[in-house]
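Have a look at the sequence and the fold, then read on.

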Amino acid sequence: MRSEPRNKWLSYLLLILFGLVMIYPLIWLFVSSFKTNQDIFGSSRLFADTYVWDSYKLGWQGTGLYGFDTFFKNTLILVIPVVIFTIVSSVIVAYGFARFNFPLKTLLFSLMMATLMLPDATILIPRYILFNELGWLDTYLPFIVPAAFATSAFFIYLMIQFYRGLPRDLDESATIDGCNSFTILTRVLLPLCKPAIFSVGLFQFMWTWNDFFNSIIYISSVSKFTVSLGLRLSLDASSAVSWNQVLAMSVVAVLPCILLFFLAQKYFVEGISTTGLKG
Amino acid sequence: MRKQWWTGSLAVVMSAALIAGCSGGNGTAGSGEDNGGQVTLRFSWWGGDGRHQQTLEAIEAYKQVAPNVRIEPEYQGFDGYEQKVKTQLASSTSADIMQLDVPWMEDLTQSDFFLDLSDQSELSLDEFDADFLTNFSTYNDKLVALPSGVNAYALVINKTAADALGVPTDIEWDWETIYEEGKKLHERDSSKHLLLADHGVLMQDFNKFLMQRTGEQWVQEDYTLGFTQEDAVAALTWLDEAMRAGVYQPLGEADLFYGKTEQNPKWINQEIAMISAMSSTLLPLRSVFPEDVEVITALPVIAKDAKDTAVQVRPSQLYAISAKSQHPEEAAAFLNWLLHDAEAAAILGDVRSVPASSAAQQAAVDAGKIDPAIARAVEMGLANATGLLDNALSTNSEVTSILQDSIEKVAFGRATPEQGATELIAALERKLSDLQARQ
């Protein structure tokens, strides 16, 4: 009993040390955004002798015609519809697979799961040709429209698993109370699915926000570039790169992801799905 | 009733999604829409800050030259550019004018993606070196691309550090002098090295050593080797001794920065005096130093009794015009202006290395926009370059990975030069007969 406070201190100390190790890359990123190229790569010390203060200002202005204000606006225009449509479509499709029996259900489910195993690279060219025929190149439609049709098998599967954990008794009691199959979803299941929905939203947000390869393939005009494209706009092996500006903009680019994560964090833990059965 | 509700609402949600999605963006990347004689050309390139800015400025200036032509710039960093251009070419959505890299051309010219530039009346070819065009721009007897600038293989020397370390900078290096100087330097101070080389550079050095000794390409086009066991032992022995004497930074440290040499702490902290590299990498290599550090270039290492200098020059990039372009004449006219015009050259300077066109080169030099160290590297390279070029086999990735294996074994001290040479020759002969059988 007497040794407890000391134990506590010890574990806090260990936790703090461990936490510092984990967060060190981010701290380094932040501090390095104020250093010169020479200090960034020339020494492994965290702090430098000289600091530059204009990296955020210059980095934000970007290269050439467009700056990061354009890139951030573009990214939001792209990411927000993608996230919303992904959530709506995945919730509905997963509901269908989890709660209904329909012809060819097993086959369709296997097909859906099969797309999960398909490497991205194999469908890149056919998809590109399809979107080209539709005249969607250099727009955000190749990202937004597929999201509206639940093309991410991963999210559907995640939602299906979550629905399966919700007892069917809830559906039945809701039917007795006068719900039809759609209001069961909206009034009973969705509130219980909050943690899953937030996971879907967060994952999709971060993946779309950070996605580089698909964006570079579909978007050609610099005026439509997203943040992840803007960050690499000036990286070239035969040019002098101002790394402090690149790092500064990287700091700004990870901020929304970090903020969103902490804001949505409580929903992960909230909502123990079976509590609805009590009483 | 229940079922209807469900399908009904699903349909509503989906169509709402579709409509909202469709209104999210409008307009496609149409190339060359005509409205009132106005021509739009798409021009894509990769690069860094400086290249983007100067090229955009040149495009702005072209508005005065040809008011009816609008150039739409599509610029980005190097990451993903190759994949993007290849995807675009495969689906006929490429820009009208593209910047391309030499190593991609072998692949890309298998299909008819590019306009034959030899019969474009707007395009002048006289200002280019004829050999240069034959070697790098002509594929399957078609002139498909033009060089934007010239890059040369050179020694990039940190003169400030070399002076401080007592390394001479005014001599012509051969394999003995570089070994002796490197050994002396490392003996004086074991934290210092004369040369920085990752495995790519070591392979280059090995090839050059062989080429200078034999006067042949190390792998011949007829699937035989251009060197004997004895030659390989000599080259690997030199490498082994240089490694042991500390002429090079140990490979284990240097290879951590493969492809990003300028981030090597020993280079940044000026503990290494030289790198053999393409002249195009001089800017990033210098960007990590304070203002007062002087960086110069010198001829690469050449053996005293060399049968071939093995000095290489290559286009820094190439420009090609899409065969699908709606306005090939306007595209050719713009390209001609970009490559040769004095005004363009004065704006662009050395953002794509020293211009390949003699007219543009003169104009850029007159405007004082060419870095003297880069200009010197290119000048020396052109003066000493010989006709011997890498053939397709000698850059084949299956072949070079065998060389990489042997070089690394010797550099890490895991094999003696004799063992390395024997293994190298056996593996190469097996691979080459393999490749020949596949033909």
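## A strand covered on both faces

Strand β3 (residues 97–100) of chain B is covered on both faces. On one side sit B:Ile97 and B:Gln99, on the other B:Met98 and B:Leu100, and all of them are buried. (Buried means that 20 or more other C-beta atoms lie within 10 Å of the residue's own, with C-beta atoms placed from the backbone; 12 or fewer is exposed, and in between is partly exposed.) Helices (H or I, at least four residues) and strands (E, at least two) are DSSP runs, numbered from the N terminus.

A word on the source: this is a predicted model, where local features need pLDDT of at least 70, side-chain atom pairs count only at pLDDT 80 or more, and totals for chains, interfaces and linings use all residues. Residues are numbered from 1 along each chain as its sequence is written, while chains are lettered from A and ligands numbered from 1 in the order in which they are written.

## The sheet around it

Which strands does β3(B) sit among? The open sheet has five strands in the order β2-β1-β3-β12-β6 (chain B), with mixed pairing. Its edge strands are β2 (69–76) and β6 (146–147) of chain B, each pairing on one side only. Two strands pair if DSSP finds at least two bridges between them.

Strand β1 (residues 39–46) of chain B runs parallel to β3(B), joined by two bridges. Here B:Phe43 faces B:Ile97 in β3(B), and B:Ser44 has B:Met98 as its bridge partner. With strand β12 (residues 318–321) of chain B, β3(B) pairs in the antiparallel sense over four bridges; B:Leu100 stands opposite B:Leu318 there. Helix α2 (residues 49–65) of chain B lies across β1 and β2 of chain B, at about 175° to β2(B). Angles run from 0 to 180 degrees between N-to-C directions, and axes are lines fitted to C-alpha atoms, for helices over the stretch in contact.

## Over to chain A: helix α7

Seven of the eight residues of α7(A) are buried: A:Leu141, A:Pro142, A:Phe143, A:Ile144, A:Val145, A:Ala147 and A:Ala148. Just past this helix, A:Ala150 takes a positive phi of about 50°.

How do α4(A) and α7(A) pack? Their axes are 7 Å apart, at an angle of about 15°, so α4(A) and α7(A) are roughly parallel (under 35 degrees; over 145 is roughly antiparallel, 65 to 115 roughly perpendicular and the rest oblique). In this contact (C-beta atoms, placed from the backbone, within 7 Å), α4(A) brings residues including A:Phe85 and A:Ser89, and α7(A) brings A:Phe143 and A:Ala148 among others. The tally is eight nonpolar, two polar and no charged residues. Ala, Val, Leu, Ile, Met, Phe, Trp, Tyr, Cys and Pro count as nonpolar, Asp, Glu, Lys and Arg as charged, and the others, Gly among them, as polar.

Helix α5 (residues 105–117) of chain A packs against helix α8 (residues 153–165) of chain A at about 125°, with axes 8 Å apart. That makes α5(A) oblique to α8(A). The contact draws on A:Met112, A:Met113, A:Thr115 and A:Leu116 of α5(A), plus A:Ala153, A:Phe154, A:Ile156 and A:Tyr157 of α8(A). Seven of these residues are nonpolar, one is polar and none is charged.

## Where the chains meet

How many residues does each chain put into the contact? Chain A gives 46 and chain B gives 51. Among the chain A helices that each supply at least two residues are α4 (68–99) and α7 (141–148). By class, the side of chain A that touches chain B has 27 nonpolar, 16 polar and three charged residues.

Methods:
Contact = placed C-beta atoms within 7 Å.
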